[in-house]
Amino acid sequence: MCLGIPARITEMRDDLGLAVGTVDFGGVRREVCLAYVADEVEVGDYVVVHVGFAISKVDEAEAHRTFEILREMSELDELEWLAEVADAAERVAGPGGAS
Amino acid sequence: MRYLTEYRDPQLARTLVDRILETATRRWTLMEVCGGQTHTIVKQGIHEVLADAVEMIHGPGCPVCVTPLEQIDRALHLAERPDVIFTSFGDMLRVPGSECDLLHIKARGGEVRVVYSPLDAVEIARANPDKEVVFFAVGFETTAPANAMAVWRARELGVTNFSVLVSHVTVPPAMVAILEDPACRVQAFLAAGHVCTIMGWDEYEPLVKRYRVPIIVTGFEPLDILEGIWMSVKQLEEGRHELENQYVRAVRRGGNRPAQELVGRVFRIVDRAWRGIGTIPGSGLGLRPELAAFDAEVKFGLASIRAEEPAECRAGEVLRGQLKPYDCPAFGTLCTPENPLGAPMVSSEGACAAYYNFGRLHAGSEAVT
(Lines give C-alpha, C1' and ligand atoms only; values in the text may rest on other atoms or scores of the structure.)
Protein backbone atom coordinates (compact mmCIF):
# COMPACT_ATOMS: atom_id res chain seq x y z
CA MET A 1 0.00 0.00 0.00
CA CYS A 2 2.90 2.35 0.72
CA LEU A 3 4.05 1.74 -2.84
CA GLY A 4 6.10 4.62 -4.19
CA ILE A 5 7.28 4.75 -7.79
CA PRO A 6 9.96 7.11 -9.14
CA ALA A 7 8.81 9.36 -11.96
CA ARG A 8 10.20 12.35 -13.89
CA ILE A 9 8.34 15.65 -13.79
CA THR A 10 7.50 16.81 -17.32
CA GLU A 11 5.20 19.73 -16.53
CA MET A 12 4.23 21.86 -13.51
CA ARG A 13 1.16 24.08 -13.12
CA ASP A 14 -1.44 25.46 -10.73
CA ASP A 15 -4.96 24.03 -10.38
CA LEU A 16 -7.21 26.37 -8.33
CA GLY A 17 -4.34 27.13 -5.95
CA LEU A 18 -2.92 23.58 -5.81
CA ALA A 19 0.50 22.71 -7.27
CA VAL A 20 -0.01 19.85 -9.73
CA GLY A 21 1.90 18.51 -12.70
CA THR A 22 2.44 15.70 -15.16
CA VAL A 23 4.98 12.99 -14.42
CA ASP A 24 6.40 10.24 -16.60
CA PHE A 25 6.72 6.70 -15.19
CA GLY A 26 9.01 5.26 -17.85
CA GLY A 27 6.53 6.01 -20.64
CA VAL A 28 3.25 6.16 -18.72
CA ARG A 29 2.16 9.75 -17.99
CA ARG A 30 -0.08 10.78 -15.16
CA GLU A 31 -1.22 13.94 -13.40
CA VAL A 32 -0.09 14.14 -9.77
CA CYS A 33 -0.18 16.61 -6.89
CA LEU A 34 3.18 18.35 -6.38
CA ALA A 35 2.18 20.46 -3.34
CA TYR A 36 4.49 18.61 -0.94
CA VAL A 37 7.64 19.02 -3.07
CA ALA A 38 6.83 22.22 -4.98
CA ASP A 39 9.53 24.28 -3.24
CA GLU A 40 12.38 21.96 -4.18
CA VAL A 41 11.62 20.54 -7.63
CA GLU A 42 11.60 21.68 -11.24
CA VAL A 43 10.74 20.07 -14.56
CA GLY A 44 13.16 17.21 -15.24
CA ASP A 45 13.58 16.21 -11.58
CA TYR A 46 12.67 12.74 -10.34
CA VAL A 47 10.17 12.34 -7.52
CA VAL A 48 8.74 9.36 -5.61
CA VAL A 49 4.99 9.18 -6.31
CA HIS A 50 2.48 7.59 -3.93
CA VAL A 51 -1.33 7.55 -4.55
CA GLY A 52 -1.10 10.49 -6.91
CA PHE A 53 1.17 12.62 -4.72
CA ALA A 54 4.87 13.35 -5.08
CA ILE A 55 6.15 12.64 -1.55
CA SER A 56 9.91 13.06 -2.00
CA LYS A 57 12.44 14.37 -4.46
CA VAL A 58 14.88 11.68 -5.61
CA ASP A 59 18.40 12.76 -4.64
CA GLU A 60 20.18 11.80 -7.87
CA ALA A 61 23.67 12.42 -6.47
CA GLU A 62 23.04 10.10 -3.50
CA ALA A 63 21.43 7.50 -5.76
CA HIS A 64 24.47 7.58 -8.03
CA ARG A 65 26.94 7.45 -5.15
CA THR A 66 25.44 4.41 -3.40
CA PHE A 67 25.15 2.66 -6.71
CA GLU A 68 28.83 3.19 -7.41
CA ILE A 69 29.68 1.61 -4.05
CA LEU A 70 27.61 -1.44 -4.92
CA ARG A 71 29.21 -1.67 -8.34
CA GLU A 72 32.71 -1.43 -6.89
CA MET A 73 31.86 -4.18 -4.40
CA SER A 74 30.62 -6.34 -7.23
CA GLU A 75 33.70 -5.71 -9.36
CA LEU A 76 35.89 -6.52 -6.37
CA ASP A 77 34.04 -9.81 -6.00
CA GLU A 78 34.62 -10.56 -9.65
CA LEU A 79 38.35 -9.84 -9.33
CA GLU A 80 38.53 -12.09 -6.26
CA TRP A 81 36.68 -14.77 -8.16
CA LEU A 82 39.09 -14.45 -11.11
CA ALA A 83 42.04 -14.67 -8.71
CA GLU A 84 40.55 -17.78 -7.10
CA VAL A 85 40.03 -19.38 -10.51
CA ALA A 86 43.61 -18.55 -11.49
CA ASP A 87 44.90 -20.01 -8.20
CA ALA A 88 42.89 -23.15 -8.68
CA ALA A 89 44.14 -23.50 -12.25
CA GLU A 90 47.71 -23.10 -11.05
CA ARG A 91 47.23 -25.73 -8.32
CA VAL A 92 45.85 -28.20 -10.84
CA ALA A 93 48.59 -27.55 -13.37
CA GLY A 94 51.36 -27.25 -10.79
CA PRO A 95 54.19 -24.69 -10.87
CA GLY A 96 55.52 -24.04 -14.28
CA GLY A 97 52.13 -24.01 -15.96
CA ALA A 98 50.16 -26.46 -18.00
CA SER A 99 52.24 -26.31 -21.14
CA MET B 1 12.88 2.80 -15.56
CA ARG B 2 15.39 5.05 -13.85
CA TYR B 3 15.78 4.64 -10.09
CA LEU B 4 13.77 1.43 -10.23
CA THR B 5 14.97 -1.37 -12.49
CA GLU B 6 18.66 -0.88 -11.69
CA TYR B 7 17.83 -1.78 -8.08
CA ARG B 8 16.90 -5.25 -9.33
CA ASP B 9 20.32 -6.06 -10.83
CA PRO B 10 20.91 -9.79 -10.19
CA GLN B 11 24.73 -9.55 -10.16
CA LEU B 12 24.76 -6.82 -7.51
CA ALA B 13 22.16 -8.77 -5.55
CA ARG B 14 24.45 -11.82 -5.61
CA THR B 15 27.30 -9.67 -4.27
CA LEU B 16 25.19 -8.47 -1.36
CA VAL B 17 23.90 -11.98 -0.61
CA ASP B 18 27.51 -13.23 -0.45
CA ARG B 19 28.51 -10.37 1.86
CA ILE B 20 25.62 -11.07 4.23
CA LEU B 21 26.37 -14.81 4.34
CA GLU B 22 30.08 -14.11 4.92
CA THR B 23 29.41 -11.51 7.64
CA ALA B 24 26.92 -13.49 9.74
CA THR B 25 28.53 -15.79 12.31
CA ARG B 26 25.11 -16.87 13.59
CA ARG B 27 21.48 -16.59 12.56
CA TRP B 28 19.95 -13.19 13.41
CA THR B 29 16.25 -12.38 13.65
CA LEU B 30 15.15 -9.32 11.68
CA MET B 31 11.75 -7.75 11.12
CA GLU B 32 10.81 -5.84 8.01
CA VAL B 33 8.06 -3.47 9.06
CA CYS B 34 6.37 -2.71 5.76
CA GLY B 35 4.14 -4.99 3.73
CA GLY B 36 5.75 -3.73 0.51
CA GLN B 37 9.07 -5.05 1.79
CA THR B 38 7.44 -8.37 2.74
CA HIS B 39 6.16 -8.63 -0.82
CA THR B 40 9.65 -8.12 -2.30
CA ILE B 41 11.30 -10.50 0.19
CA VAL B 42 8.89 -13.37 -0.37
CA LYS B 43 8.57 -12.83 -4.14
CA GLN B 44 12.33 -12.84 -4.65
CA GLY B 45 12.92 -15.60 -2.09
CA ILE B 46 15.33 -13.37 -0.15
CA HIS B 47 14.29 -15.05 3.13
CA GLU B 48 15.19 -18.42 1.62
CA VAL B 49 18.54 -17.55 0.08
CA LEU B 50 19.62 -15.89 3.36
CA ALA B 51 18.12 -18.54 5.65
CA ASP B 52 21.51 -19.40 7.18
CA ALA B 53 22.19 -15.78 8.14
CA VAL B 54 18.83 -14.27 9.02
CA GLU B 55 15.29 -15.19 9.89
CA MET B 56 12.92 -12.59 8.45
CA ILE B 57 9.85 -11.94 10.59
CA HIS B 58 7.18 -10.09 8.66
CA GLY B 59 5.84 -7.05 10.49
CA PRO B 60 2.38 -5.50 10.74
CA GLY B 61 2.99 -2.82 8.09
CA CYS B 62 0.09 -3.59 5.78
CA PRO B 63 -2.70 -1.05 6.33
CA VAL B 64 -5.20 -3.23 4.50
CA CYS B 65 -4.43 -6.07 6.92
CA VAL B 66 -4.69 -4.07 10.14
CA THR B 67 -7.83 -2.02 9.38
CA PRO B 68 -10.22 -3.25 12.12
CA LEU B 69 -13.27 -5.31 11.26
CA GLU B 70 -15.46 -2.61 12.77
CA GLN B 71 -14.27 0.00 10.24
CA ILE B 72 -14.82 -2.47 7.38
CA ASP B 73 -18.39 -3.06 8.61
CA ARG B 74 -18.93 0.71 8.75
CA ALA B 75 -17.62 1.03 5.18
CA LEU B 76 -20.04 -1.71 4.06
CA HIS B 77 -22.92 0.05 5.80
CA LEU B 78 -22.14 3.32 4.00
CA ALA B 79 -21.58 1.69 0.62
CA GLU B 80 -25.04 0.12 0.81
CA ARG B 81 -26.80 3.47 1.23
CA PRO B 82 -28.49 4.62 -2.01
CA ASP B 83 -27.46 8.25 -1.39
CA VAL B 84 -23.73 7.39 -1.05
CA ILE B 85 -20.92 6.98 -3.57
CA PHE B 86 -18.28 5.07 -1.63
CA THR B 87 -14.71 5.61 -2.87
CA SER B 88 -11.65 3.61 -1.88
CA PHE B 89 -8.20 2.42 -2.90
CA GLY B 90 -8.65 -0.82 -4.84
CA ASP B 91 -7.04 -3.13 -2.30
CA MET B 92 -9.75 -2.50 0.34
CA LEU B 93 -12.53 -3.96 -1.83
CA ARG B 94 -11.94 -7.61 -0.98
CA VAL B 95 -11.21 -7.26 2.73
CA PRO B 96 -13.80 -9.41 4.50
CA GLY B 97 -16.20 -7.65 6.87
CA SER B 98 -18.47 -9.52 9.27
CA GLU B 99 -20.79 -10.62 6.46
CA CYS B 100 -19.32 -9.67 3.08
CA ASP B 101 -16.90 -7.26 1.39
CA LEU B 102 -17.17 -4.04 -0.64
CA LEU B 103 -17.04 -6.00 -3.90
CA HIS B 104 -20.22 -7.87 -2.88
CA ILE B 105 -21.93 -4.56 -2.10
CA LYS B 106 -20.88 -3.29 -5.54
CA ALA B 107 -22.26 -6.45 -7.19
CA ARG B 108 -25.54 -5.91 -5.35
CA GLY B 109 -25.83 -2.42 -6.85
CA GLY B 110 -24.04 -0.29 -4.26
CA GLU B 111 -22.05 2.55 -5.81
CA VAL B 112 -18.44 1.68 -4.95
CA ARG B 113 -15.71 3.37 -6.98
CA VAL B 114 -11.97 2.71 -6.94
CA VAL B 115 -9.81 5.84 -7.02
CA TYR B 116 -6.08 6.26 -7.68
CA SER B 117 -5.73 9.43 -5.62
CA PRO B 118 -7.84 10.72 -2.70
CA LEU B 119 -8.19 13.97 -4.69
CA ASP B 120 -10.15 11.97 -7.31
CA ALA B 121 -12.78 11.36 -4.61
CA VAL B 122 -13.11 15.12 -4.06
CA GLU B 123 -13.60 15.56 -7.81
CA ILE B 124 -16.33 12.88 -7.79
CA ALA B 125 -18.05 14.83 -4.98
CA ARG B 126 -17.87 18.06 -7.02
CA ALA B 127 -19.33 16.27 -10.05
CA ASN B 128 -22.16 14.66 -8.03
CA PRO B 129 -23.58 17.38 -5.75
CA ASP B 130 -26.79 15.37 -5.18
CA LYS B 131 -24.84 12.46 -3.65
CA GLU B 132 -22.78 12.02 -0.51
CA VAL B 133 -19.25 10.94 -1.43
CA VAL B 134 -17.27 9.07 1.24
CA PHE B 135 -13.59 8.17 0.90
CA PHE B 136 -12.11 5.29 2.92
CA ALA B 137 -9.02 7.01 4.36
CA VAL B 138 -6.73 4.15 5.36
CA GLY B 139 -2.98 3.93 5.45
CA PHE B 140 0.23 4.66 7.31
CA GLU B 141 2.16 7.93 7.52
CA THR B 142 3.00 7.62 3.80
CA THR B 143 -0.65 7.99 2.79
CA ALA B 144 -1.74 10.45 5.51
CA PRO B 145 -0.56 13.59 3.60
CA ALA B 146 -2.58 12.57 0.52
CA ASN B 147 -5.70 11.90 2.58
CA ALA B 148 -5.16 15.11 4.59
CA MET B 149 -4.94 17.08 1.34
CA ALA B 150 -8.28 15.64 0.14
CA VAL B 151 -10.02 16.90 3.30
CA TRP B 152 -8.23 20.26 3.12
CA ARG B 153 -9.05 20.65 -0.55
CA ALA B 154 -12.75 19.86 0.04
CA ARG B 155 -12.80 22.45 2.82
CA GLU B 156 -11.09 25.09 0.66
CA LEU B 157 -13.39 24.51 -2.31
CA GLY B 158 -16.50 24.37 -0.09
CA VAL B 159 -17.36 20.78 -1.05
CA THR B 160 -19.85 19.83 1.66
CA ASN B 161 -20.96 16.46 0.27
CA PHE B 162 -17.51 14.91 0.86
CA SER B 163 -16.41 13.05 3.98
CA VAL B 164 -13.81 10.47 5.01
CA LEU B 165 -14.04 7.23 6.98
CA VAL B 166 -10.68 7.31 8.74
CA SER B 167 -8.63 4.30 9.79
CA HIS B 168 -5.10 5.69 9.87
CA VAL B 169 -2.29 4.00 11.75
CA THR B 170 1.28 5.00 12.58
CA VAL B 171 4.38 2.83 12.71
CA PRO B 172 6.43 3.76 15.82
CA PRO B 173 3.74 2.84 18.42
CA ALA B 174 3.36 -0.55 16.71
CA MET B 175 7.12 -1.11 16.90
CA VAL B 176 7.01 -0.26 20.61
CA ALA B 177 4.16 -2.75 21.10
CA ILE B 178 6.25 -5.43 19.36
CA LEU B 179 9.37 -4.60 21.39
CA GLU B 180 7.46 -4.55 24.71
CA ASP B 181 5.98 -8.01 24.04
CA PRO B 182 7.85 -10.53 26.24
CA ALA B 183 7.72 -12.97 23.30
CA CYS B 184 9.56 -10.50 21.03
CA ARG B 185 12.47 -12.11 19.17
CA VAL B 186 13.29 -9.20 16.86
CA GLN B 187 16.97 -8.17 17.00
CA ALA B 188 16.91 -5.48 14.29
CA PHE B 189 14.32 -3.65 12.21
CA LEU B 190 14.17 -2.64 8.58
CA ALA B 191 12.08 0.54 8.97
CA ALA B 192 9.58 1.41 6.25
CA GLY B 193 11.31 3.69 3.73
CA HIS B 194 8.28 5.52 2.40
CA VAL B 195 6.87 6.19 5.87
CA CYS B 196 10.24 7.84 6.57
CA THR B 197 10.13 9.97 3.40
CA ILE B 198 7.28 11.76 5.21
CA MET B 199 8.32 11.47 8.87
CA GLY B 200 12.12 11.30 8.66
CA TRP B 201 13.77 9.20 11.36
CA ASP B 202 13.78 11.35 14.51
CA GLU B 203 10.99 9.22 16.01
CA TYR B 204 13.09 6.06 15.73
CA GLU B 205 16.22 7.24 17.50
CA PRO B 206 14.69 6.94 21.02
CA LEU B 207 13.70 3.35 20.16
CA VAL B 208 17.25 2.50 19.10
CA LYS B 209 18.57 3.76 22.43
CA ARG B 210 15.84 2.42 24.73
CA TYR B 211 15.66 -1.08 23.26
CA ARG B 212 19.28 -1.29 22.05
CA VAL B 213 18.04 -2.43 18.65
CA PRO B 214 19.48 -1.47 15.24
CA ILE B 215 16.95 0.25 12.97
CA ILE B 216 17.76 0.66 9.28
CA VAL B 217 15.55 2.92 7.15
CA THR B 218 15.19 0.72 4.05
CA GLY B 219 13.75 0.97 0.55
CA PHE B 220 11.66 -1.54 -1.37
CA GLU B 221 13.61 -2.90 -4.31
CA PRO B 222 15.59 -6.15 -3.93
CA LEU B 223 18.95 -4.33 -3.68
CA ASP B 224 17.53 -1.93 -1.08
CA ILE B 225 16.29 -4.80 1.08
CA LEU B 226 19.55 -6.73 0.73
CA GLU B 227 21.62 -3.68 1.62
CA GLY B 228 19.32 -2.98 4.62
CA ILE B 229 19.79 -6.58 5.80
CA TRP B 230 23.56 -6.32 5.32
CA MET B 231 23.70 -3.09 7.35
CA SER B 232 21.64 -4.76 10.12
CA VAL B 233 23.82 -7.86 10.21
CA LYS B 234 27.02 -5.76 10.34
CA GLN B 235 25.66 -3.79 13.32
CA LEU B 236 24.59 -6.95 15.14
CA GLU B 237 27.92 -8.68 14.52
CA GLU B 238 29.81 -5.61 15.77
CA GLY B 239 27.55 -5.22 18.83
CA ARG B 240 26.29 -1.81 17.66
CA HIS B 241 22.74 -0.46 17.77
CA GLU B 242 22.34 2.62 15.62
CA LEU B 243 19.90 4.33 13.33
CA GLU B 244 21.14 4.09 9.74
CA ASN B 245 19.56 5.19 6.49
CA GLN B 246 19.88 2.82 3.54
CA TYR B 247 17.24 4.67 1.47
CA VAL B 248 19.31 7.84 1.03
CA ARG B 249 17.95 8.64 -2.41
CA ALA B 250 14.48 9.34 -1.01
CA VAL B 251 14.67 9.87 2.78
CA ARG B 252 16.08 12.88 4.67
CA ARG B 253 16.43 13.11 8.44
CA GLY B 254 13.60 15.62 8.90
CA GLY B 255 11.26 13.98 6.38
CA ASN B 256 8.84 16.07 4.34
CA ARG B 257 7.98 19.16 6.44
CA PRO B 258 5.12 20.56 4.29
CA ALA B 259 3.47 17.12 4.39
CA GLN B 260 3.90 16.86 8.19
CA GLU B 261 2.39 20.33 8.61
CA LEU B 262 -0.81 19.57 6.71
CA VAL B 263 -1.18 16.17 8.41
CA GLY B 264 -0.94 18.02 11.75
CA ARG B 265 -3.58 20.54 10.68
CA VAL B 266 -6.07 17.86 9.58
CA PHE B 267 -5.41 14.93 11.93
CA ARG B 268 -4.72 14.37 15.62
CA ILE B 269 -3.25 11.36 17.38
CA VAL B 270 -5.83 8.87 18.69
CA ASP B 271 -5.85 5.33 20.07
CA ARG B 272 -6.50 2.88 17.26
CA ALA B 273 -7.51 -0.78 17.13
CA TRP B 274 -5.37 -2.94 14.78
CA ARG B 275 -7.09 -5.95 13.28
CA GLY B 276 -5.76 -9.13 14.86
CA ILE B 277 -3.63 -7.19 17.35
CA GLY B 278 -5.98 -5.03 19.42
CA THR B 279 -5.88 -1.40 20.50
CA ILE B 280 -2.47 0.27 20.57
CA PRO B 281 -2.46 3.58 22.48
CA GLY B 282 -1.65 6.64 20.37
CA SER B 283 -1.18 4.53 17.24
CA GLY B 284 -3.74 6.15 14.97
CA LEU B 285 -4.79 9.39 13.37
CA GLY B 286 -8.33 10.77 13.57
CA LEU B 287 -9.79 13.96 12.12
CA ARG B 288 -9.44 17.07 14.27
CA PRO B 289 -12.75 18.03 15.96
CA GLU B 290 -12.96 21.29 13.99
CA LEU B 291 -13.14 19.19 10.78
CA ALA B 292 -16.01 17.02 12.09
CA ALA B 293 -18.14 18.09 9.10
CA PHE B 294 -15.84 15.88 6.98
CA ASP B 295 -15.90 12.93 9.40
CA ALA B 296 -18.16 10.18 8.02
CA GLU B 297 -18.43 8.57 11.47
CA VAL B 298 -20.02 11.78 12.81
CA LYS B 299 -21.98 12.66 9.67
CA PHE B 300 -23.64 9.24 9.40
CA GLY B 301 -23.73 8.32 13.12
CA LEU B 302 -21.66 5.14 12.78
CA ALA B 303 -20.58 4.76 16.41
CA SER B 304 -23.24 2.11 17.09
CA ILE B 305 -21.76 -0.29 14.49
CA ARG B 306 -19.49 -2.57 16.50
CA ALA B 307 -17.89 -5.90 15.59
CA GLU B 308 -15.92 -8.67 17.27
CA GLU B 309 -13.25 -10.47 15.30
CA PRO B 310 -13.76 -14.20 14.67
CA ALA B 311 -11.56 -16.45 16.77
CA GLU B 312 -10.62 -18.92 14.03
CA CYS B 313 -8.43 -16.49 12.08
CA ARG B 314 -4.93 -16.37 13.51
CA ALA B 315 -3.94 -13.30 11.50
CA GLY B 316 -2.95 -11.47 14.69
CA GLU B 317 -0.18 -13.95 15.39
CA VAL B 318 1.04 -13.66 11.79
CA LEU B 319 0.97 -9.85 12.03
CA ARG B 320 2.99 -9.97 15.27
CA GLY B 321 5.51 -12.29 13.63
CA GLN B 322 4.73 -15.16 16.01
CA LEU B 323 3.28 -17.50 13.39
CA LYS B 324 4.47 -18.20 9.85
CA PRO B 325 1.60 -18.25 7.36
CA TYR B 326 2.21 -21.92 6.48
CA ASP B 327 1.87 -22.89 10.16
CA CYS B 328 -1.73 -21.64 10.29
CA PRO B 329 -4.13 -24.61 9.95
CA ALA B 330 -6.42 -22.57 7.65
CA PHE B 331 -3.59 -21.46 5.28
CA GLY B 332 -4.19 -22.56 1.69
CA THR B 333 -7.19 -24.70 2.64
CA LEU B 334 -9.98 -22.76 4.39
CA CYS B 335 -8.18 -19.49 3.64
CA THR B 336 -7.02 -18.57 0.11
CA PRO B 337 -6.78 -15.29 -1.82
CA GLU B 338 -10.05 -16.24 -3.60
CA ASN B 339 -11.80 -16.90 -0.29
CA PRO B 340 -9.83 -15.11 2.43
CA LEU B 341 -10.55 -15.68 6.10
CA GLY B 342 -8.35 -12.81 7.23
CA ALA B 343 -6.99 -9.63 5.75
CA PRO B 344 -3.32 -10.77 5.37
CA MET B 345 -4.60 -13.17 2.68
CA VAL B 346 -6.29 -10.29 0.79
CA SER B 347 -3.69 -7.65 0.17
CA SER B 348 -0.77 -8.46 -2.11
CA GLU B 349 1.35 -7.04 0.72
CA GLY B 350 -0.17 -9.30 3.33
CA ALA B 351 2.22 -12.00 4.52
CA CYS B 352 -0.27 -14.82 3.93
CA ALA B 353 -1.06 -13.76 0.35
CA ALA B 354 2.63 -13.27 -0.43
CA TYR B 355 3.48 -16.78 0.79
CA TYR B 356 0.50 -18.26 -1.06
CA ASN B 357 1.04 -16.42 -4.36
CA PHE B 358 4.75 -17.15 -4.59
CA GLY B 359 4.44 -20.81 -3.68
CA ARG B 360 6.03 -20.64 -0.23
CA LEU B 361 3.50 -23.12 1.05
CA HIS B 362 5.59 -24.87 3.68
CA ALA B 363 8.72 -24.35 5.75
CA GLY B 364 10.84 -26.06 3.06
CA SER B 365 14.17 -24.39 2.41
CA GLU B 366 13.55 -21.76 5.06
CA ALA B 367 14.25 -24.30 7.78
CA VAL B 368 17.81 -24.32 9.03
CA THR B 369 19.56 -27.62 9.00
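## The sheet

In chain B, 5 strands build an open sheet with parallel pairing, ordered β2-β1-β7-β8-β9. From one strand to the next, the twist averages 20 degrees. The model is predicted.

Strand β8 (residues 215-218) of chain B joins β9(B) in the parallel sense, over 3 bridges. Here Ile215(B) has Leu243(B) in β9(B) as its bridge partner.

## Helices on the sheet

Helix α12 (residues 222-237) of chain B packs on this sheet. It touches β1, β2, β7, β8 and β9 of chain B. Its direction makes about 165 degrees with that of β8(B).

Helix α2 (residues 35-44) of chain B lies across β1 (28-34), β2, β7 (188-192) and β8 of chain B. Relative to β1(B), helix α2(B) runs at about 125 degrees.

## The α8–α13 crossing

Another contact in chain B joins helix α8 (residues 144-157) and helix α13 (residues 257-266). Their axes come within 9 Å and cross at roughly 55 degrees. The angle lies between the cut-offs of 35 and 65 degrees, so α8(B) and α13(B) are oblique to each other. The crossing of α8(B) past α13(B) is left-handed.

From α8(B), the contact takes in Ala144(B), Pro145(B), Ala148(B), Met149(B), Val151(B) and Trp152(B). They meet Ala259(B), Leu262(B), Val263(B) and Val266(B) of α13(B). The contact residues comprise 10 nonpolar, no polar and no charged.

Terms used
Residues are numbered from 1 along each chain as its sequence is written. Chains are lettered from A and ligands numbered from 1 in the order in which they are written. This is a predicted model: local features need pLDDT of at least 70, side-chain atom pairs count only at pLDDT 80 or more; totals for chains, interfaces and linings use all residues. Two strands pair if DSSP finds at least two bridges between them. Helices (H or I, at least four residues) and strands (E, at least two) are DSSP runs, numbered from the N terminus. Axes are lines fitted to C-alpha atoms, for helices over the stretch in contact, and angles run from 0 to 180 degrees between N-to-C directions. Two residues are in contact if their C-beta atoms, placed from the backbone, lie within 7 Å. Angles under 35 degrees count as roughly parallel, over 145 as roughly antiparallel, 65 to 115 as roughly perpendicular and the rest as oblique. A crossing is left-handed if the near helix is turned anticlockwise from the far one by less than a right angle, and right-handed if clockwise. Ala, Val, Leu, Ile, Met, Phe, Trp, Tyr, Cys and Pro count as nonpolar, Asp, Glu, Lys and Arg as charged, and the others, Gly among them, as polar.
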